[in-house]
Amino acid sequence: LATMGFTREDAKKFIAQAAEAGHPRARAEQLSDDIYRASREAQEKEAGAGVPGPRGGMGRMVVSDEQVKTMQDLLKSGDPGVINELRNILASTWRDSAVQLGPERETVDARAMMAALQLLGCDLGTPCDGNSPSVLSRCANQGQCAASTLPDQVYYYDASPHQAQLVERYRQSLLDMMRSGDFSNLRVARGVQNAGNVFMFSSNRGP
């Protein structure tokens, strides 16, 4: 940005103006930044108070009920850029909360949710063919060249048979919500702590 005459602060102002005008992608980007900032501040506060962090030093997402409602509203836009902005948050471990999906209120598996949201982006128009950045970079850097599309990459390299079933179930559930415009089956259970590992998918941007 700086080489083009723009600073990060300039970019934030433009995003804020677009968000105020109601642009879904800008609103999602602003919301994402707010959530990451609150999560970092909570982790720093606990560290300063001598509270031990989760194994591996990873934090947990801090998301308010109002922000959950905003995410549900933004997802209705069907904008793949919104999915890209929110997927790391929806797939991460939350503080004293669990993201649940479907009428059975199933607590989501983080890795499967991340993959399902990536594939939902493909369904909504994100380029996911053999020329997509993820497919090209993993072929070049990791030798994973058997996949000709992003879905192939997910199912061939990233998912066990069990996880592949979860990914497809989550994907279909999210796609049904997108088509109906009703995201009431994407819920957050407060007071529920995820068992097992903590997953914290980071933002693509700096502070």
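**Group meeting: contacts in a predicted model**

Among the contacts in the protein chain that join residues at least 6 apart in sequence, 71% are between residues at least 24 apart.

Let me begin with the overall layout. The chain has 207 residues, of which 40% are buried, and its secondary structure amounts to eight helices and three strands. If you follow the chain from the N terminus, the elements come in the order α-α-α-α-β-β-α-α-α-α-β. As for the surface, the protein chain exposes about 11,300 Å², and 51% of that area is supplied by carbon and sulfur atoms.

I would now like to turn to one pair of helices. Two packed helices are described by the angle between their axes and the distance between the axes. Here the pair is H3, which covers residues 65-75, and H4, which covers residues 80-91; they pack at an angle of about 145 degrees, and their axes lie 10 Å apart. The crossing in which H3 passes H4 is left-handed.

Which residues in H3 and H4 meet? On the H3 side they are Met-71, Leu-74 and Leu-75, and on the H4 side Val-82, Ile-83, Leu-86, Ile-89 and Leu-90. Taken by class, the residues of this contact of H3 with H4 comprise eight nonpolar ones, with no polar and no charged residues.

Staying with helix H3 for a moment, I want to point out Gln-72, which also has its place there. Is Gln-72 buried or exposed? Its relative accessibility is 16%, and because the cut-off for buried is under 20%, Gln-72 counts as buried. Once residues up to four places away in sequence are left out, Gln-72 touches Phe-183, Ser-184 and Leu-186.

My last topic is the aromatic side chains, where the structure holds one aromatic pair. The pair is formed by the rings of Tyr-156 and Tyr-157, whose centres are 4.8 Å apart and whose planes stand at 85 degrees, so the arrangement is edge-to-face, given that planes over 60 degrees apart are assigned to that class. With regard to solvent, Tyr-156 has a relative accessibility of 60% and therefore counts as exposed, whereas Tyr-157, at 27% relative accessibility, counts as partly exposed.

Notes
Residues numbered from 1 in each chain as written. Predicted model: local features only at pLDDT ≥ 70, side-chain atom pairs only at ≥ 80, totals over all residues. Heavy atoms only, no water. Axes fitted to C-alpha atoms, helices over the stretch in contact; angles between N-to-C directions. Helix = DSSP H or I, 4+ residues; strand = E, 2+ residues; numbered from the N terminus. Left-handed = near helix turned anticlockwise from the far one by under 90°. Contact = heavy atoms within 4.5 Å. Nonpolar A, V, L, I, M, F, W, Y, C, P; charged D, E, K, R; others polar. Phe/Tyr/Trp six-rings, centres within 6.5 Å; stacked < 30°, edge-to-face > 60°. Buried < 20%, exposed > 50% of the residue type's maximum accessible area, 1.4 Å probe, protein only. Areas by Shrake-Rupley, 256 points an atom, 1.4 Å probe, with all protein chains shown as cover.
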